[in-house]
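Welcome! Take a moment to look over the model below, and then we will walk through it together.

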Amino acid sequence: MGDKAILIDTTKCTACRGCQVACKNWNDLPAENTSFFGGPGYQNPKDLSSITFTLVKFFWSGRRGADVDAYGNWQFLKYGCMHCLNPRCKKVCDTLYKAIYQDTDGFVQINQGICQAANCNACIAGCPFGVPKSNGQSVWKCNACISRRGYSYPNTLRKDPVSGNPTASSWLIGPELAPACVSTCPAGALKYGDRSDIIALATARVADPKVRAKFPEVNVYGDTGPFGGLRVISILTRKPGFYSLPPKSAKY
Amino acid sequence: MTNTWTDIGTSDVILIIGANPAENHPMAFKHITYALENKYGNTGPDGNGAKLIVVDPRYTRSASKASIWNGRQMYCKMRSGTDIAFVNGMINYVIQNKKYDQPYVLNYSTAGFLVNENFKGPAETGDGKFSGFIPDASQPVPTLGQIGKYDKSSWNYATFVSSHPKAFKAVNIATDFWDASGNCSCGTSCGFSKDTLSLDPASQYYIGKFRQHLLEVGLLNTTDLGPNVANQRTVWEHVLLHYARYDKNTVINLTGADPLVYDDICELFSITGQSDKAGTILYAMGTTQHTVGVQNVRAYSTLQILLGNMGKSGGGINAQRGESNVQGSTDHGLLFHILPGYLAQPDATIPGDAYFDRTDTLIGEPGHPLQPASYIKRCTPFTAHQNELNWWKNFPKYIVSLMKCYWWNALGSPTSNDPATPEQLQAVYDWIPKIPGHCSHIQIFEDMLAGTIKGLIAFGTNPAVGGPNSIREREALRKLDWLVISELWENETASFWRYSTTGEPLTSEQMAAIQTEVFLLPAAAHMEKDGHVVNSSRWAQFRYKAVEPPGDAEHEIKMINRIFDACKAAGANDYGMTHLTLGSGWYGTDDPSADLLDLEINGLKASDLTPVAKFADLQPDGRTSSACWIYCGMYPSLGTNLSKRRINTQAPGMAPIYSQWSWAWPVNRRIIYNGASLLPCGWGGVSDTPADQHHPVIWWNESAWVGDVHDGVANPHGYDGHSERSPFIMRNEGHARLHGMGMAEGPYPEHYEPLDTPIGHRGKNPVPYGAGHSQLINPCIKIYEPNKVGDPRNYPIIGTTYRVSEHWQAGAATRHLPWLCELMPDVVVEMSMELARSKGINNGDWVRIETMRGYMNARALVTNRFKTFRIFGETRHEVGIWWHWGYKGIKTGHSANRLTPHVGDANTRIPEYKAFLCRIEKL
């Protein structure tokens with residue numbers, strides 16, 4: 001328990017998408033019936049949904065002047081709930097139904113019992129990252145694998161979003177397994193730990209001349225901003241705008 | 001792999017060519033990342049971490065992590081099928097700029113060996129071939145060159161023994177040629193010393209001139225060297241002649257590589273020629289699946305020998321295996337031409353190996369005194385010099401121990417130390433099946449088409465998707481009387497009788513017309529069974545069953561054992577079936593455990609039925625058994641299966657090889673030829689000083705080698721301050737071969753085009769010899785369908801096929817898993833913006849790709865990651881197709897192998913999946 005965070009190091013990510021599969025596996029989420037949609041790179045599905053909590057997005061930067069990027073750079077960003085320190089989704093919900101709360105590690109959770117009863121979707125509009133998604137009955141998003149961290153869901157069992165049946169991973173597993181995406185990452189691009197340690201790690205990585213030689217724009221995102229800080233700390237190879245992320249200076 | 005996964009972390013420069021580890025070996029990329037991060041303190045070429053170079057026809061997920069050097073990203077595009085030109089050009093750069101590791105090349109390679117005076121390479125013959133070519137009059141595609149085979153008699157060393165630099169005479173080298181201070185002992189001030197010997201033919205101290213000098217001063221007689229010594233060239237002189245033709249201009253025009261990046265790559269990788277730097281080459285199917293696949297690997301090896309990277313931590317050439325247990329399956333004799341442990345399979349087409357050819361025609365005398373002696377003699381190399389280890393001289397021990405394992409009771413005594421009689425050896429040898437020449441994948445499907453093969457057992461393979469020219473292979477399946485297939489799901493091969501060859505469902509009448517009887521055996525998946533799995537690092541790691549297999553699914557051990565028992569009961573006496581002791585007969589159970597099989601693989605002593613502790617203890621006379629000699633030592637005593645070992649600690653200050661984790665063949669050695677990690681001393685011997693002091697592999701501790709298990713290296717102080725033995729112990733001359741006389745198509749890698757060549761209409765192979773020559777394709781391949789060769793005027797686009805992270809092999813597993821189908825739902829062809837624009841194709845459109853073999857439909861992925869190539873002034877497009885689709889599974893689509901040709905490498909016949917000609921139209 002405590003002040004935790006997840007690190008996403010895009011300088012190491014190879015977009016194998018093991019995290020996407022591990023997330024579906026642990027959370028017993030069904031597959032989406034996708035087809036090749038002509039998106040950038042190999043991305044699929046197109047966006048997050050009530051059954052897709054995390055997604056590797058592909059970006060192509062194209063030529064940018066110097067020969068360094070003669071072939072452009074193919075960038076990958078694992079996308080999902082950023083677990084804001086001061087989540088606006090929670091702020092919105094607090095005024096209405098109080099279904100959103102932060103667990104004792106600080107990750108943002110949705111109480112599905114309350115959310116299903118309310119089915120108001122206000123948090124969807126409230127999120128600056130476009131993360132929460134509704135399946136028509138309630139809103140779903142990444143829960144940072146709460147069932148691996150020693151807590152069960154309050155009030156309601158985790159249910160399969162399609163069948164509504166309780167699922168195996170709704171059982172308390174803990175204590176303190178890292179989220180499934182982190183455990184599975186073969187590239188070592190994902191880390192889980194105390195937020196201060198994660199920020200120190202990210203800051204050191206960004207200052208490393210080896211990393212800067214390859215990624216001159218490398219920066220830490222989520223430590224102090226945007227929105228007062230996030231629990232998903234990213235090392236971005238390019239500026240946030242490249243990934244269509246709000247600038248680090250963004251405030252509510 | 002010569003090295004080991006974890007050891008890649010100490011590399012200074014990593015060259016990925018013909019592989020894409022970020023996508024196809026994701027776990028491997030972790031170790032590459034370690035190197036880039038300096039995890040083990042490697043300095044890299046500029047003191048700032050390892051550098052990653054990626055060479056590939058398209059910009060891959062691996063390429064996205066390529067390093068920056070000279071302000072450029074170290075990704076270089078290369079037209080599919082031009083690896084030899086690309087790498088020979090690097091070799092030429094290394095030679096011209098003297099970037100090679102001279103002490104290493106002089107001492108550890110065959111550079112100083114004399115070659116038969118009749119040998120000529122393409123630089124001299126002028127026709128693109130080597131000396132000794134015998135054209136086949138019925139050769140099928142004259143526009144692309146001649147087809148035939150080689151009489152290799154001129155390819156050998158001059159006189160093998162006397163050619164050995166250590167063996168000008170059958171005396172030892174120091175007293176005859178060197179005085180105490182290492183100078184030539186001729187007594188004149190000739191200037192030759194161990195230190196002045198040079199690889200530069202212009203130097204007065206060139207190694208070739210040293211022989212001449214010895215002759216002149218009378219330290220050597222011409223009779224010691226054989227006739228015509230004046231006409232004999234050293235290997236090194238042939239090396240210079242051969243590779244000089246791969247000048248940069250030719251290479252760029254052939255490969256379509258970016259010239260600036262190519263220069264940088266040559267410069268960057270050749271930095272590893274410094275003795276304390278190591279560079280590694282990682283390759284996979286992009287290298288091997290060509291008509292020149294083996295020669296591609298030889299080109300890489302040659303580069304690594306010249307740079308002194310073999311045997312070192314962070315060096316080597318490292319093949320990344322396509323499946324978790326491909327290494328294990330080849331170790332255990334899955335390929336047609338080898339028995340377990342890489343022992344040559346007796347071949348009925350080789351006189352002396354067998355009495356009968358495949359049509360039962362007598363070609364030798366039964367009881368011929370040469371058999372099995374002639375087979376053993378054929379497979380056992382003689383020792384070229386008394387000081388060399390020549391490990392394969394032990395071949396008789398390994399083959400007889402294998403025969404003992406198969407026929408325990410028929411060879412020697414089942415329970416005592418009595419050796420086998422020659423009659424027993426003869427009888428048991430007769431029972432070993434003799435192959436009828438080539439039986440590779442393509443050949444057996446051709447034989448099925450011809451009706452000579454009537455039944456097929458397919459375990460873990462899906463040829464209806466994965467076989468080249470898959471429609472032809474689906475037709476071949478229809479000719480079978482029976483098919484046994486073991487799978488997790490009913491895949492395309494198992495259900496071929498329900499579909500047309502192009503994948504449309506058949507009516508019940510149409511199905512009834514197919515006479516093949518199909519048996520589908522439900523297999524246990526990898527988590528549902530015990531057994532050791534061997535990774536690319538040669539580590540045998542025992543894996544325990546996690547869950548019970550569902551339904552009737554069973555472990556293959558049990559399935560194979562039941563088939564085996566049934567065959568035995570059916571009693572095919574002629575072939576020794578009833579005498580076989582392998583499996584159930586041995587253990588008295590119909591359900592042998594994986595652990596017991598490990599014991600059988602390791603081997604046992606007949607005297608007391610205890611394990612053989614190491615393969616040096618195996619005997620050539622039936623007193624020991626071993627099902628695979630390279631695994632002897634994995635199970636050194638009863639109850640000790642070292643593949644179950646899980647100690648993940650690593651001694652600091654040495655190469656990160658994690659010696660106590662599981663067990664690696666041979667004898668738990670993690671880096672092969674590790675004697676070459678030591679600085680050379682003397683002529684061909686090793687010193688006690690590791691070249692890389694930060695990551696030593698082995699070092700001498702007063703009286704013994706420590707570190708990794710040393711690779712047959714002798715005492716470094718045993719002889720005048722150095723070892724008398726050269727480190728490449730698997731070669732009978734003890735030296736790394738720059739001149740590979742065993743290859744089918746020549747001792748040096750020569751660029752030949754793919755069978756479907758985009759420069760075929762030019763009629764010339766442009767590798768310099770005057771105006772070029774007409775040998776465009778590998779002259780030693782077998783062309784099964786000469787009327788199905790693509791012409792670039794009709795099929796102008798280069799095609800290749802590859803895997804992606806999300807789908808595995810023929811998709812038999814991954815296309816049945818919803819989460820993976822979600823990630824990669826459709827078969828896709830990747831193409832450049834330029835090609836798409838010229839054809840009016842938009843991203844996501846359905847297109848048709850067509851070759852001489854067939855067509856397929858796919859979605860277009862239009863991307864910057866493919867670029868056009870400039871090939872001799874012409875613009876050429878290349879497209880890449882994910883190949884895993886078929887007509888079964890959650891997501892279906894056309895198999896890319898509908899397009900690929902039935903042609904393979906001249907040595908191995910691995911199919912040429914990676915380069916063909918096609919055309920594309922929007923649907």
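Let's begin with helix 6 (residues 195-207) of chain A: its 13 residues should span 18 Å at 1.5 Å a residue, and because its end C-alpha atoms are 18 Å apart, the two agree. The expected span is 1.5 Å times one less than the number of residues, and helices (H or I, at least four residues) and strands (E, at least two) are DSSP runs numbered from the N terminus.

This is a predicted model, where local features need pLDDT of at least 70, side-chain atom pairs count only at pLDDT 80 or more, and totals for chains, interfaces and linings use all residues. Residues are numbered from 1 along each chain as its sequence is written, with chains lettered from A and ligands numbered from 1 in the order in which they are written.

Which residues of helix 6 of chain A are buried? They are R195(A), I198(A) and A202(A). These cover an arc of only 60 degrees around the axis, so they sit on the same side of helix 6 of chain A. Strand 1 (4-9) and strand 8 (190-194) of chain A are among the elements that cover them. On the other side of the helix, S196(A), A204(A) and A207(A) are exposed. Buried means 20 or more other C-beta atoms within 10 Å of a residue's own, exposed 12 or fewer, with C-beta atoms placed from the backbone.

Now for the contacts, where C-beta atoms placed from the backbone lie within 7 Å.

| Contact | Residues on one side | Residues on the other |
|---|---|---|
| Chain A with chain B | 38 residues of chain A | 38 residues of chain B |
| Domain 1 with domain 2 of chain A | 21 residues of domain 1 | 22 residues of domain 2 |

Notes. Contact = placed C-beta atoms within 7 Å. Arc of directions from axis to C-beta.
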